[in-house]
2 protein chains.
Amino acid sequence: MTTVTSTVIRRGRARRRDRVLYQRLADELVGLIETRTLRAGDRLPSVRTYSRQKRVSLATVLRAYQLLEDRGYLEVRPQSGHYVSAAGGQLAPSPSVPRASFAKEEVRVADLAWELLARVNDKGLAPFGIATAAPEHYPAGRLSRILARVTREAGAAGVAYGPPVGHEALLHQLGRRAVAAGLALGPDELLVTNGCTEAIQLALRALTRAGDVLLVESPSYYGFLETAESLGLRVAEVPTDPETGVSLEHLEAAIRRTRPRAFLTNPNFHNPLGFVVADDRKRELVALLARHGVAVVEDDLYGDLHFGDTRPAPLKAFDQTGDVVLCSSFSKTVAPGYRVGWLAGGRHAQRIRKLKLATSIHTNTLAQLTLAEYVSGGGAEHHLRRLRQAFRAQVADYSLAVARLFPEGTRVSRPRGGHLLWVELARGKDTMELSRRALARRIGIVPGRLFSTGDTYGHCFRLNCGFPLRGDREEALETLAGLAGDL
Amino acid sequence: MTTVTSTVIRRGRARRRDRVLYQRLADELVGLIETRTLRAGDRLPSVRTYSRQKRVSLATVLRAYQLLEDRGYLEVRPQSGHYVSAAGGQLAPSPSVPRASFAKEEVRVADLAWELLARVNDKGLAPFGIATAAPEHYPAGRLSRILARVTREAGAAGVAYGPPVGHEALLHQLGRRAVAAGLALGPDELLVTNGCTEAIQLALRALTRAGDVLLVESPSYYGFLETAESLGLRVAEVPTDPETGVSLEHLEAAIRRTRPRAFLTNPNFHNPLGFVVADDRKRELVALLARHGVAVVEDDLYGDLHFGDTRPAPLKAFDQTGDVVLCSSFSKTVAPGYRVGWLAGGRHAQRIRKLKLATSIHTNTLAQLTLAEYVSGGGAEHHLRRLRQAFRAQVADYSLAVARLFPEGTRVSRPRGGHLLWVELARGKDTMELSRRALARRIGIVPGRLFSTGDTYGHCFRLNCGFPLRGDREEALETLAGLAGDL
């Protein structure tokens with residue numbers, strides 16, 4: 001028995017190691033294709049040569065090539081070898097960088113956003129709009145079992161009022177996971193919230209007053225703009241490179257011109273652009289903002305959904321003054337419907353905690369206890385690994401499909417994590433009109449207009465890749481591409 | 001089998017009818033004692049005489065008398081009959097009515113409130129402070145079973161994003177219960193929120209801007225003042241009669257002098273005073289506010305906890321213009337820790353719904369589905385009947401104990417529902433100091449200072465009667481009375 005079990009375990013481990021190896025190889029090749037080092041028609045090294053070069057087994061190279069063939073990056077020519085395919089080689093270029101304007105604009109996106117999100121549960125809609133993922137990506141069964149147990153164990157306490165800052169069990173797990181991500185958070189810094197949106201809202205309310213200027217990236221998640229609008233803030237948009245994030249020069253210029261109170265930013269797998277800011281730049285960015293006395297509200301919602309090997313550090317890891325408020329939640333990784341998020345408030349923690357009390361008293365007890373148990377059980381890490389693989393594969397599928405299906409001149413982002421793509425059509429194309437026509441065909445997208453106070457992104461849209469690109473959805477994407485061509 | 005069952009049912013019905021009869025009789029007698037129609041030492045009619053007068057059985061009268069004896073209102077003198085007891089006859093008088101000032105004050109209560117609520121889960125504290133009730137008062141077991149079933153049935157949908165306005169099943173039940181309370185709410189008016197606090201917060205954000213004046217009753221629930229503070233509102237406090245609520249004259253004067261945007265009010269079983277506004281006055285009040293273009297945010301949190309036979313109508317029932325926003329939740333009646341509230345936004349509904357999206361997206365899915373199922377099952381009405389009886393008895397116990405234990409000159413409110421008492425010590429006594437000394441003895445109370453922006457209520461405090469007055473708690477109340485005497 002023992003021998004059989006340990007053989008199975010060893011085999012399981014070997015298989016896992018093997019998977020890591022060939023996926024790493026595949027990623028590297030995709031990188032070469034995406035940066036156009038390898039182009040359509042280029043021949044890849046033979047399996048034998050590449051295996052020698054990379055010091056991996058023949059099987060590993062073969063699997064990596066097969067994976068890329070499945071994804072459409074490569075094609076096999078009989079008797080000849082592996083070549084970069086037409087689609088792979090013509091992968092749409094990256095989106096362009098917007099010009100700087102630094103206007104302090106009033107925000108008006110709530111009406112548009114409402115129209116969009118009101119249809120969140122419309123089952124018939126092709127799910128390319130709001131940032132959701134396929135139900136099978138979330139551990140509903142496991143959570144249900146834990147919830148049933150936790151509810152039984154909690155008894156009356158599950159129904160009674162809980163502590164305003166959050167339940168001890170969850171706070172402990174959040175602190176523990178933060179340490180694993182290289183963050184040392186004080187126990188008095190954390191606060192459990194109703195999702196990341198409440199966390200950001202509370203942070204902004206603690207840091208700003210109506211009429212103040214808030215810096216945001218451009219483009220920026222429309223939810224940020226909605227929240228700013230609801231608080232009467234004016235926003236100044238900082239031009240943002242789709243691959244590297246805001247430049248420090250632009251940021252400093254924006255600070256000098258607009259005298260902002262805070263910078264609301266999404267440095268890890270930016271929504272909608274998908275970039276991750278490099279560590280060095282993160283350090284400089286935090287220092288620059290601290291020098292100018294500008295607080296930071298950091299949205300780290302997608303931080304655990306990295307396609308690379310390591311989880312990027314949040315800005316908060318470089319915070320020396322306590323002026324970075326880190327916000328996140330379980331909504332993109334474990335359970336959107338549980339509405340459990342959190343924040344680490346730095347030196348603003350106490351103020352934010354009092355606002356939470358005046359805003360919603362505390363967050364649902366049983367959801368907190370269930371997530372604490374789920375995270376402490378260790379199942380979360382395994383789940384996250386699978387989720388990252390799934391999203392990486394889906395994003396690759398959608399990227400290639402966009403390159404293949406959409407009209408010439410279409411550009412697309414190169415996300416390093418998350419499950420969102422930013423698609424830029426030729427200038428002059430109107431994605432509000434595209435959105436209307438798409439909705440009439442029961443296809444959801446988020447038009448670029450929502451990601452800015454101006455009309456800089458009228459020709460762009462955000463494409464959600466949270467659902468596998470199969471069957472009806474493949475057809476829907478083809479239809480969408482056709483509509484884009486007709487514009 | 002059938003015969004036995006129906007006999008049991010008939011007996012059960014008879015017993016229930018009987019209980020209604022003797023409790024009604026007991027209430028009537030308490031009313032006579034509280035209004036001092038009957039005083040200490042007064043002899044009650046003999047059981048036989050009273051039974052004839054009231055056309056009820058001897059057993060019913062006997063039980064009513066016994067109940068009042070148990071509660072300390074009456075005492076039995078052997079061979080002589082029932083007499084109003086010293087404690088019952090000396091029931092503390094009602095609190096006094098504050099003078100009008102109509103200052104538009106900035107609000108600063110959050111720090112104090114935080115100190116208080118941070119200790120919500122401190123098990124060792126005598127629970128006379130925040131407005132909670134004993135765990136056994138809530139249907140934890142029943143809810144757990146429903147939650148387990150609902151979670152299983154919902155599957156992936158329990159974990160996925162839900163509709164921002166709330167789940168259809170719960171919205172339906174809320175609409176249905178509203179109809180039962182004489183309210184016809186439009187299906188597009190309702191919004192599910194994270195408790196009543198979020199409902200009120202969203203309503204105020206839709207109706208006001210920082211710097212605006214908000215009218216509140218005086219005294220007023222400190223949570224209202226916290227929320228106003230967090231939104232940068234100034235409040236004007238309208239003098240409020242402890243038995244009848246704000247007078248229309250005072251209200252109109254306050255409107256003319258302070259030009260408020262909204263009136264935040266708690267007409268049914270006011271926190272902390274316990275009064276209910278009469279229907280006629282409700283109608284006039286709503287009309288008066290509509291005439292002056294002042295919106296109403298109505299907190300109906302305690303509306304289902306009436307001591308009398310019928311549930312009072314909310315102000316919303318008299319709303320002709322759509323300017324009344326009705327807010328409530330399950331937090332005082334079914335499950336505080338579930339954090340599920342709602343509002344009916346009238347003509348402001350759409351605006352408020354958009355704010356909800358920008359504030360917390362939506363409310364926990366499984367909590368909503370569980371409460372929908374609980375309410376639709378009919379168990380809620382039975383539970384509420386028992387809860388009302390328990391709170392009525394507890395409030396009577398605490399009222400009598402205050403009259404018996406506290407120093408002469410102490411006044412106490414006459415709540416018509418809910419589970420809160422307002423205690424007024426002699427002028428000059430400092431309940432902030434009382435609160436500090438009480439905390440040192442592990443007793444929680446809420447000092448009067450929290451219920452106003454000024455120091456009108458420095459000699460008052462709120463006493464929570466949510467827990468049966470037994471054992472340790474009886475001792476704690478005695479200790480508290482001693483501390484009050486020493487001030």
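The legends below describe views of a predicted model.

**View 1**

**View 2. The side of chain B that touches chain A.** In this contact, 55 residues of chain B meet 55 residues of chain A. The elements of chain B that each supply at least two residues to this side are α5 (110–117), α6 (140–154), α8 (195–207), α9 (222–230), α12 (349–360) and α13 (365–376). The largest share comes from α6(B), which gives 7 residues. Sorted by class, the side of chain B that touches chain A holds 27 nonpolar, 21 polar and 7 charged residues.

**View 3. Chain A as a whole.** Chain A has 16 helices and 17 strands, and its C-alpha atoms fill a box of roughly 70 × 70 × 45 Å along the principal axes. A compact globule of 487 residues would have a radius of gyration near 23 Å, and the value for chain A, 23 Å, agrees with this. Of the 487 residues of chain A, 55% count as buried. When contacts in chain A with a separation of 6 or more are considered, 76% of them are between residues 24 or more positions apart.

**View 4. Domain 2 and domain 3 of chain A.** The domain assignment divides chain A into domain 1 (2–89), domain 2 (105–135 + 381–486) and domain 3 (163–378). The centres of domain 2 and domain 3 of chain A, taken over C-alpha atoms, are separated by 24 Å, and 31 residues of domain 2 are in contact with 31 residues of domain 3. On the side of domain 2 that touches domain 3, the elements giving two or more residues are α5 (110–117), α14 (379–405) and β14 (420–424) of chain A. Of these, α14(A) gives the most, with 6 residues. By class, this side of domain 2 has 14 nonpolar, 8 polar and 9 charged residues.

**View 5. Ala203(A) in the largest nonpolar core.** The largest nonpolar core has 290 residues, and those with the most contacts inside it are Ala203(A) and Ala203(B). Leaving out residues up to four places away in sequence, Ala203(A) touches Val297(A), Val325(A), Cys327(A), Leu343(A) and Ile352(A).

**View 6. Tyr221(B) in a loop of chain B.** Tyr221(B) is found in the loop between β6 (213–218) and α9 of chain B. A residue is buried if 20 or more other C-beta atoms lie within 10 Å of its own, so Tyr221(B), with 24 C-beta neighbours inside 10 Å, counts as buried. Apart from its neighbours within four places in sequence, Tyr221(B) is in contact with Asn266(B), Asn271(B) and Pro272(B). Tyr221(B) and Pro272(B) are 51 residues apart along the chain, while their C-alpha atoms are separated by 6.3 Å.

How values were computed: Residues numbered from 1 in each chain as written. Chains lettered and ligands numbered in written order. Predicted model: local features only at pLDDT ≥ 70, side-chain atom pairs only at ≥ 80, totals over all residues. Domains from an automatic or database assignment. Contact = placed C-beta atoms within 7 Å. Helix = DSSP H or I, 4+ residues; strand = E, 2+ residues; numbered from the N terminus. Nonpolar A, V, L, I, M, F, W, Y, C, P; charged D, E, K, R; others polar. Rg over C-alpha atoms; globule rule 2.2 N^0.38 Å. Buried ≥ 20, exposed ≤ 12 C-beta atoms within 10 Å, placed from the backbone. Core = buried A, V, L, I, M, F, W, Y, C linked by C-beta atoms within 7 Å.
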